[in-house]
Structure formats: C-alpha cells, structure tokens
Amino acid sequence: MDKEKKINLKEISDKIIEIVQPIDSFFEEKKDKERKKVEDKFYHNVERTKVFISQPWTLEHSIASSDLMEDFEDILLETHYSETVNRESVKDKWKSEDTEGERAVSVYSFLLDKKISKAIVAQKYANYLLHNKEAVSKTILEDASLKHLVNAIKHVTGGENSGV
C-alpha cells in the first residue's frame, strides 16, 4: 500500500474514533439528565425515594450481560425449546458474538422476537436463584451489571444503612 493510501486510511480511522467517542459521552450525559429529571420529579425527602437506573437497558438485558448470563440463557432456551439440539444451536450462535454486549443484545432480542413469556422466564429464573443461593449470591453482589438492582433492594429493605 502506498504512503498516500496509508495516510488516508489513518485519517479515516481517526475520524471514525472522533465520531464514535461522543456517543459514549452523549449516553452518559443523557442518562444523567434523565436521572436528574426523575429525581427532581419524585424525590421529596419524605419517603426517601431514590432512582436506580439500569444500564443500558432492561432487567433482562442486565442479567444477560452479567456473570449470570449462562444460567439465564439456559433457562430462556429451556423455556422456548424442548429439543436439546435447538438449545445448543442457539447457544453456540450467542457464544460466537464478538462482545458480551452484543451477546446480551442477541439474548434479549431472542426473548422479544420469540415472544417468550417474561413471567415464565422470571419464575424459572427465580426458582433457579432460590435453589442456588450459595453459588450465586457473591456473583450477584459483585457484578457491575447488577449493581443497580442490588442497590435498589438494599435501599427498600434498609440495607444501605445496615452495611448489608
């Protein structure tokens, strides 16, 4: 490749980075503005209301992007497919995603696209968590993708002040 093409490719690469970087800061700024708007509207220091915002999407996406993703995926697939070969095929496809973020989006999209009952998945997942408390409790407490959930539960149960 000649020198001019290399320079052009470098300029294009730099421009792409320049364009993409504001998206991340925009997301953070937007999230902060939305949090402030909700807090201003609902927080009045009588009921000690707090706002806990999931990043970047829903409860299901938070779980799908956490260290509990494998178990969540298994439950989701078992809910939809009776045949093991079908579950393994979709799971392999999810594992081939380039990033964990893309994988979480694929899992969440599967839930929506296949019109799988969130209530049934929630019941099965709650049952799984109940029967595996010892194994998952440390993961739940330490996982950044689940931090907003842990903090919300601590808040409503008084755990914030008790060091739970």
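Arg-103 and Glu-70 form a salt bridge (a side-chain nitrogen of Lys or Arg within 4 Å of a carboxyl oxygen of Asp or Glu), and their closest N and O atoms are 3.1 Å apart. This pair links distant parts of the chain, 33 residues apart, with Arg-103 in helix H5 (residues 100–113) and Glu-70 in helix H3 (residues 69–80). Helices here are DSSP runs of H or I with at least four residues, numbered from the N terminus.

The model is predicted, so local features need pLDDT of at least 70 and side-chain atom pairs count only at pLDDT 80 or more, while totals for chains, interfaces and linings use all residues. Residues are numbered from 1 along each chain as its sequence is written, and side-chain values use heavy atoms, leaving out hydrogens and water.

**Exposure of the first pair**
- Arg-103 is buried (under 20% relative accessible area, with exposed over 50% and partly exposed in between, for a 1.4 Å probe and protein chains only), at 9%.
- Glu-70 is partly exposed, at 32%.

**Lys-91 and Asp-74**
- The side chains of Lys-91 and Asp-74 meet in a salt bridge at 2.6 Å, N to O.
- Lys-91 lies in helix H4 (residues 84–95) and Asp-74 in helix H3, so the pair ties together parts 17 residues apart in sequence.
- Lys-91 is buried at 9%, whereas Asp-74 is partly exposed at 30%.
- Shared partners join Glu-70, Glu-73, Asp-74, Lys-91 and Arg-103 into one salt-bridge network.

**Within helix H1**
- Lys-37 and Glu-34 form a salt bridge at 3.3 Å, N to O.
- Both residues lie in helix H1 (residues 3–42), 3 residues apart, about one turn of the helix.

**Total**
- The count comes to 7 salt bridges.

Technical notes. Helices (H or I, at least four residues) and strands (E, at least two) are DSSP runs, numbered from the N terminus.
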